[in-house]
Amino acid sequence: MGKFVVKTTATGFKFDLKAGNGEVIATSEVYTTEAACLNGIESVKKNCVGEIEDQTADPVVAVKHPKFEIYLDKAGEYRFRLKAKNGEPIAASEGYKSLAGCKNGIESVKKNAPEAAIEKIEG
């Protein structure tokens with residue numbers, strides 16, 4: 001089973017969503033307060049039901065928020081970001097070499113996030 005790991009950073013708080021095998025599936029931005037970070041986790045749990053908008057496809061088929069957006073980064077790797085109903089990004093992935101790997105990451109978020117426990121660690 002997956003879990004959200006909340007960490008204190010030099011400038012605030014962030015979370016990683018980890019799969020049952022310990023791999024990081026998605027990461028948050030840095031929040032100024034722990035409460036805001038925990039709200040971000042709740043937002044991921046609520047919004048991870050969104051559809052996928054593949055921005056690498058031609059043509060791009062737009063879907064409504066909440067949604068997962070797949071895009072290519074500067075290194076040419078596939079990444080996704082989860083956007084809430086209001087269009088704000090709430091979690092992002094690491095780079096994947098293949099589109100299939102990126103889509104597997106999204107499926108892992110959909111599977112793990114809704115029931116994931118929250119663990120707080122220092123530093």
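A salt bridge, as I use the term today, is a side-chain nitrogen of Lys or Arg within 4 Å of a carboxyl oxygen of Asp or Glu. Please keep in mind throughout that what we are looking at is a predicted model, and that this model holds 10 salt bridges, of which I will go through a few.

Let me begin with Glu53 and Lys67, whose closest N and O atoms are 2.7 Å apart, and which therefore form a salt bridge under the 4 Å cut-off. Glu53 belongs to strand β4, residues 51–54, while Lys67 belongs to strand β5, residues 67–72, so this contact ties together parts that are 14 residues apart in sequence. Both of these residues, Glu53 and Lys67, are buried. They are also members of a network of salt bridges that links Glu53, Lys67, Glu69, Arg81 and Lys83.

The next pair is Lys97 with Glu77, whose side chains meet in a salt bridge at 2.8 Å, N to O. Here Lys97 sits in the loop between β7 (89–92) and α2 (99–112), and Glu77 in the loop between β5 and β6 (78–83), so the pair ties together parts that are 20 residues apart in sequence. As for accessibility, Lys97 is exposed, with a relative accessible area of 72%, whereas Glu77, at 18% relative accessibility, counts as buried because the limit for that label is under 20%.

Finally, which residue does Asp16 meet in a salt bridge? The partner is Lys14, with a distance of 3.2 Å from N to O, and both Asp16 and Lys14 are buried.

Note on methods. Residues numbered from 1 in each chain as written. Predicted model: local features only at pLDDT ≥ 70, side-chain atom pairs only at ≥ 80, totals over all residues. Heavy atoms only, no water. Buried < 20%, exposed > 50% of the residue type's maximum accessible area, 1.4 Å probe, protein only. Helix = DSSP H or I, 4+ residues; strand = E, 2+ residues; numbered from the N terminus.
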